[in-house]
Amino acid sequence: MANKIPNRQVICETLVTLAQEDKDIMVLASDSRGSAAMAPFANAYPEQFVEVGIAEQNIVGISAGLAHSGKKPFVTSPACFLSMRSIEQIKVDVAYSGTNVKLVGISGGVSYGALGMSHHSVQDIAVARAIPGLAIILPADRHETKRMTEALVQHEGGVYVRIGRNPVEDSYESDDYEFVIGKAVTMREGTDITIIATGETVRIALDAQAELAEAGVSARVLNMHTIKPLDEEAIVCAAQETGGIITVEEHSIHGGLGAAVAEVVVQQHPVPMRILGIPDEPAIAGKTSEVFEHYGISSSNIKAIALGMLGK
Amino acid sequence: MSSTELRSKAAQIRMDLLRMIHGAKTGHTGGSLSNTDILTALYYKIMTIDPARPKWQERDRFIASKGHSVESLWCILADRGFFPKEELATFSQFGTRLIGHPNNKVPGIEMNTGALGHGLAISVGMALAAKKDARASRVFCLMGDGEQAEGSVWEAAMAGAHYKLDNLVGIIDRNRLQISGSTEEVMGLEPLEEKWAAFGWHVVSIDGNDIDALVEAFEAAPAIAGKPTLVMANTVKGKGVSFAENVPHWHHHVPSDEELAKALAELEAVISSYTQEGQVQ
Ligand SMILES: Cc1ncc(C[n+]2csc(CCOP(=O)(O)OP(=O)(O)O)c2C)c(N)n1
């Protein structure tokens, strides 16, 4: 593992830099400043930091009130509790009321490993997708996390961001590219099949692409960092131009990226599709890598699925 | 068990949980050490349970609302014979059922907890069912003090008093620390006893690392008919390991080889002091 910097640290560092100029940026924590790596922000700008204790409904309500008064609150809290315990506050106080709240779910997916289903966040995208007006973003690596954080400060409106706990291998060589909320990034061009991934599984999709290239298959890789609003155009192009789609995500197979892509494909350009994610069960205990291997969220399995779809 | 036997048992459980966390390289050390005496009093003296019949309807119920401190509970359930002790070595490993929070696939665990602020409402439901069925079962619910910031705790507190659940005992592990530091700095709770009393509970405040005081408080409940009891167990986070006591980062710090050896020696000394007194056979 070359990269040692977790995405949560990148968000903190970027906000520390931006908050120097922008006194409206605020960070809120729910006994989570350590887990969110936000202690440096809390120390640098105590006046722009709010601790609410272990109270996820309260943190969303308070941030909506702050946003209503012109502040730019970033709520940082474990993804599992932030996304679902407070979902009604997110629906009514953030999305419905149109407040400018950035909800940053940390340690998402199965990054809490052996802490079990209470701590896994693999239903969050499904729940967030059902709420009108809430954007959903999963950055792929540290470079994208930096560009995303800058974009979030500029963006007006409610956003749910989900990142993992541990450092992830880079998918981008640098942060020198254009990050646009709602616009997928074509990481690799390809003609035979398309792999669409989001968040930390983009790296796995890129590895699968390389393995497929060795087997003579040209796979396109789309980084769908924004799940809502979804880049339907990129999906329809992929369906038309490559004829088959595999989606990969650290989320339940129900209601996440795969479901979102399938809704577009089925209605606009039906092609064969496979959805790779966590099956409909409490995920097995273990490290992220062990859990991924167990459920076939791996480059070798994507390769096998692609070859199967192509009849090879 | 006698008072000294209970004290020795608590020290042994602390040794077991430290070894288990050290072996797994993960765990919530501070909060487990803090509540070991509470669980020892409940599981070896107070609760009516039968490890051979974990679902026996007449049993008392225990709910670990502060589910992250499951390590002491795993060690006690194994020691009481709910499952083989060897299984403790699988704690937090791939595919285990002994995960980092209570999991009711394991005999002796009633409900899956881990998201804070759920336990008391569940306990209210269990105590209500026991009343409706005219069973003698009591329900014990262990909460964290940091956990008190969740509004759901207070919704359940209200219901427990409203339904006059004198078969319900709430326990707060009042170690005055949560993850980010002192509870009074993160989200002030005081005056906490007055808040519970105002919600209609009978409040008893004790030294929560004193087994005799715990036994006395639990045996006395319900002291007042028609009122749930809240035991404010004033504890020390990291209790029993000198260098972990009251140190916030021991919340989920894993002992190094040296730290483990030092901690085990301290606890060994506690046990042998009781044995030397000839108070333990
Ligand atoms: C709903 C919810 N929010 C956040 C957490 C993460 N968390 C686990 S332990 C903990 C601190 C608990 O502090 P306290 O209740 O005082 O317990 P203790 O100090 O006894 O360990 C937090 C915030 C959680 N488990 N559940």
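So, the buried residues of helix α3 in chain A: E56(A), I59(A), V60(A), S63(A), A64(A), L66(A) and A67(A), where buried means under 20% relative accessible area with a 1.4 Å probe, protein chains only. They cover an arc of only 160° around the axis, taken from the directions from the axis to the C-beta atoms, so they sit on the same side of α3(A). As a reminder, an α-helix has 3.6 residues a turn, so residues three or four places apart point the same way.

This is a predicted model, so local features need pLDDT of at least 70 and side-chain atom pairs 80 or more, while totals for chains, interfaces and linings use all residues. Residues are numbered from 1 along each chain, chains are lettered from A, and side-chain values use heavy atoms, without hydrogens or water.

What do those buried residues pack against? In chain A, β1 (25–29), β3 (72–78), α4 (79–84), α5 (87–96) and β4 (102–106), with contact meaning heavy atoms within 4.5 Å. After the helix comes G70(A), with a positive phi near 95°.

Okay, on to chain B. Here 22 residues of chain A are in contact with 25 of chain B. The area buried between them is about 1,800 Å², and carbon and sulfur atoms give 56% of that; it's the accessible area (1.4 Å probe) lost on putting the two together, summed over both. On the chain A side, D31(A), I54(A) and R85(A) lose the most, together 34% of what that side buries.

R85(A) also meets E150(B) in a salt bridge, at 3.6 Å, N to O; the rule is a Lys or Arg side-chain nitrogen within 4 Å of an Asp or Glu carboxyl oxygen. The count between these chains is one.

How values were computed:
Buried means under 20% relative accessible area, exposed over 50%, partly exposed in between (1.4 Å probe, protein chains only). Helices (H or I, at least four residues) and strands (E, at least two) are DSSP runs, numbered from the N terminus.
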